[in-house]
Amino acid sequence: MGRKLLLEHINVPGINTFDVYRQKGGYRAVEKALKTLAPADIVEEVKKSGLRGRGGAGFPTGMKWSFLAKPEGVARYLVCNADESEPGTFKDRYLMTYIPHALIEGMIVSSFALGANTSYIYVRGEMMPQIRILEKAIAEAKAAGFLGKNILGTGYDLELYVQPGGGAYICGEETALLESLEGKRGNPRIKPPFPAIAGLYGCPTVVNNVESIAAVVPIINDGGEEYAKIGVGRSTGTKLISAGGNLRKPGVYEIDLGLSAEEFLYSDEYCGGIANGKRLKAVVAGGSSVPILPANLFLKTVNGEARLMSYESLADGGFVSGTMLGSGGFIAYDEDQCIVRNTWNFARFYHHESCGQCSPCREGTGWMEKVLHRLEYGHGKMSDIDLLVDVSKKIEGNTICPLGDAAAWPVASAIRHFRDEFEWHVTHAGEATTHNFGLAHYADPLPKKEESVA
Amino acid sequence: MLRVEDTTQQHEPVTFSAELTAKFADIVSRYPQGKQKSALLPILHLVQAEYGWLSVPAMDNVAAFLEILPIEVYEVATFYTMYFMRPQGKYVLEVCRTGPCEIVGAGKIMDYIENKLGVKEGEVTADGLFSWRGVECLAACGYAPVLQIGPEYTFYENLTEQSVDQLIGDLKAKAKN
């Protein structure tokens with residue numbers, strides 16, 4: 001049974017209100033931070049915790065904070081990235097919906113640590129219900145003296161606002177988010193300068209994911225060292241995994257990093273296995289942008305070791321036989337799912353969401369979508385498969401922001417692991433759109449304990 | 001290029017109410033002095049909630065209010081997918097069609113909605129009540145398939161043909177009252 005640091009009280013009736021959240025020990029971290037700790041102490045605790053950014057990149061949060069420039073007389077900003085739009089990822093929506101004060105409390109502690117007096121939570125525009133929930137929570141916190149002027153009599157001032165986006169996945173990229181927050185198109189900026197030097201309105205800015213900011217609360221309450229005791233190696237603490245696809249029990253789960261992939265997928269405490277008595281064919285472990293893995297490689301590394309839900313274990317083998325933890329957006333595919341169709345679907349997504357600023361991404365994502373469409377609908381040629389690999393290589397690493405990589409990896413990895421399924425679509429063009437042939441040799445054989453890595 | 005597809009309706013003059021303008025001013029107060037352009041996205045949401053879409057005169061008025069150029073409003077409004085550049089149905093059903101929703105039947109739900117409403121994606125029903133479209137990931141993959149309806153962006157999860165029937169029936173009844 002894993003620890004629950006973020007979701008401990010998620011089932012308590014009324015936990016979305018200030019009063020109940022407070023009764024359950026909420027806002028202790030604000031009192032402790034503002035009354036007993038210096039900002040530098042908080043940064044130090046976050047460093048000790050080993051917390052890595054929960055939005056997908058996994059960069060150490062404390063280190064990111066320590067890069068923040070601190071020139072005198074210049075405003076500093078904390079911006080929460082709640083532009084959750086990565087296919088497979090829905091943990092931040094869950095957190096904001098059911099326990100919004102966890103985010104508000106984290107924003108106050110983090111803003112104090114960074115010396116920010118105005119902070120923004122940039123929420124994707126489609127999440128209007130969550131925006132209303134957060135605005136109500138902010139009003140409650142302010143009425144109780146935890147926001148506004150002279151918080152708890154400590155002399156610290158903080159205004160916190162919610163900013164709606166306009167519907168653009170690219171705004172989850174931190175510099176595109178800042179452009180959007182400034183009222184512009186969400187075109188990513190060239191880095192450097194990084195936001196820590198020149199971010200919102202040209203001022204030093206930290207952009208953190210919802211889950212990262214919420215995790216600061218237990219880190220301050222219990223200490224960074226306690227937090228770092230959870231997990232495995234450099235994957236410390238707990239992580240929210242949002243699980244969807246063909247699962248018996250899809251949903252958001254808080255796990256100790258280092259939980260075995262097999263336990264997460266099959267145990268009743270978490271996903272409960274594959275729905276409808278089917279077998280597992282493939283997994284996307286960290287949101288649509290990370291490489292897809294066939295069942296056998298997801299459950300065990302090529303060395304035969306049990307795969308763990310951690311940054312390092314999922315990355316074991318690099319992109320040849322591994323993947324990434326990413327945002328924790330977990331998608332399971334049963335044996336009937338068509339990998340070509342899924343890859344086309346993701347390619348369409350990235351083409352739709354490319355901001356169009358860089359030619360390789362603007363042109364390449366559309367090209368991949370077209371080629372995958374013709375393969376899926378029975379008009380493809382065998383040479384199309386290598387063409388896709390070629391185009392994906394020419395996008396990867398050649399764009400201002402990581403959206404190009406995010407578009408390339410699903411295509412490249414699907415062909416790497418499921419090439420014969422792409423070839424099948426060419427040789428069986430007339431049957432290609434039945435979508436349910438499911439090449440069984442990829443599937444995790446039942447009983448699941450006996451699988452071996454091919 | 002500005003995606004204005006219905007030229008017959010775009011030139012009707014628009015005057016924002018005092019109540020709406022007061023909301024704009026409240027939003028502007030969230031940003032440092034001189035950074036009022038930050039209010040653009042939230043204000044466009046309010047304008048669209050009021051009028052159902054963003055006409056050129058409405059966008060010009062927003063530009064005047066924020067003291068920015070009209071082109072600065074057009075380029076933002078046309079970049080983001082939530083802003084409509086032409087009139088829509090009173091209720092716009094937005095069905096998620098990406099990855100996890102697709103593999104548990106989003107495509108069939110979209111086909112069902114198309115047949116039930118009798119209009120293609122992006123078109124408006126004759127009574128003006130409905131339009132529908134497929135949208136990219138709505139970040140609710142564990143509850144798939146899902147759809148949302150603006151301007152409140154009410155969410156409907158685990159869709160079935162029966163739940164779509166119920167939803168559309170309820171909206172028709174609501175529109176009559």
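1. On a 1 Å grid over the protein atoms alone, a cavity is a set of points where a 1.4 Å probe fits but cannot get out, whereas a pocket is an open set with protein on both sides within 12 Å along at least five of seven lines; a residue counts as lining if it has an atom within 4 Å of a point. Grid points are joined across faces, edges and corners, and a volume is the space filled by probe spheres set on the points. By this rule there are two cavities of 30 Å³ or more.

2. The basis of the note is as follows. This is a predicted model, in which local features need pLDDT of at least 70 and side-chain atom pairs count only at pLDDT 80 or more, while totals for chains, interfaces and linings use all residues. Residues are numbered from 1 along each chain as its sequence is written, chains are lettered from A and ligands numbered from 1 in the order in which they are written, and side-chain values use heavy atoms, with hydrogens and water left out.

3. The largest cavity has a volume of about 70 Å³. Its lining includes Cys355(A), Cys358(A), Cys361(A) and Cys401(A), along with Ile170(A) and Pro188(A). By class this lining has eight nonpolar, three polar and no charged residues; here Ala, Val, Leu, Ile, Met, Phe, Trp, Tyr, Cys and Pro count as nonpolar, Asp, Glu, Lys and Arg as charged, and the others, Gly among them, as polar.

4. The second largest cavity holds about 50 Å³ of space. Among the residues that line it are Val284(A), Ile292(A), Asn342(A), Phe346(A) and Pro410(A). Helix 15 (339-353) and helix 18 of chain A each supply at least two lining residues, and helix 15 of chain A gives the largest share, three residues. Helices (H or I, at least four residues) and strands (E, at least two) are DSSP runs, numbered from the N terminus. The lining divides into six nonpolar, three polar and no charged residues. Because domain 2 (260-334) and domain 3 (339-433) of chain A both give residues to this lining, the second largest cavity lies between them.

5. Chain A is divided into domain 1 (18-229), domain 2 (260-334) and domain 3 (339-433), with bounds that come from an automatic or database domain assignment. The centres of domain 1 and domain 3 of chain A, taken over C-alpha atoms, are separated by 35 Å. Their contact (heavy atoms within 4.5 Å) takes twelve residues from domain 1 of chain A and eleven residues from domain 3 of chain A.

6. The largest pocket contains about 1,300 Å³ of space. Of its 47 lining residues, Gly55(A), Gly56(A), Ala57(A), Gly172(A) and Glu173(A) lie nearest its centre. Strand 1 (77-82), helix 5 (91-98), strand 4 (205-209) and helix 18 (403-427) of chain A are the elements that give two or more residues to this lining. Strand 4 of chain A provides the largest share, five residues. The lining has 20 nonpolar, 16 polar and eleven charged residues.

7. The second largest pocket, with about 930 Å³ of space, has 36 lining residues, and Ala49(B), Gly150(B), Pro151(B), Glu152(B) and Tyr153(B) are the closest to its centre. Elements of both chains supply at least two residues each, including helix 7 (128-143) and strand 3 (159-164) of chain A and helix 1 (18-28) and helix 2 (40-51) of chain B. Helix 2 of chain B gives the largest share, seven residues. By class the lining has 18 nonpolar, seven polar and eleven charged residues.

8. A nonpolar core is a set of buried Ala, Val, Leu, Ile, Met, Phe, Trp, Tyr and Cys residues joined through side-chain atoms within 4.5 Å. Buried means under 20% relative accessible area, exposed over 50%, and partly exposed in between (1.4 Å probe, protein chains only). The largest core has 160 residues, and Ile104(A), Ile121(A) and Phe422(A) have the most contacts inside it. Apart from it lies another core of 28 residues, among them Ile274(A), Ala285(A), Met309(A) and Leu325(A).

9. Chain B has seven helices and four strands. Its domain assignment gives domain 1 (9-79) and domain 2 (91-176), and their C-alpha centres lie 28 Å apart. Of the 177 residues of chain B, 54% count as buried. Thr78(B), in the loop between helix 4 (70-77) and strand 1 of chain B, counts as buried because its relative accessibility is 16%.
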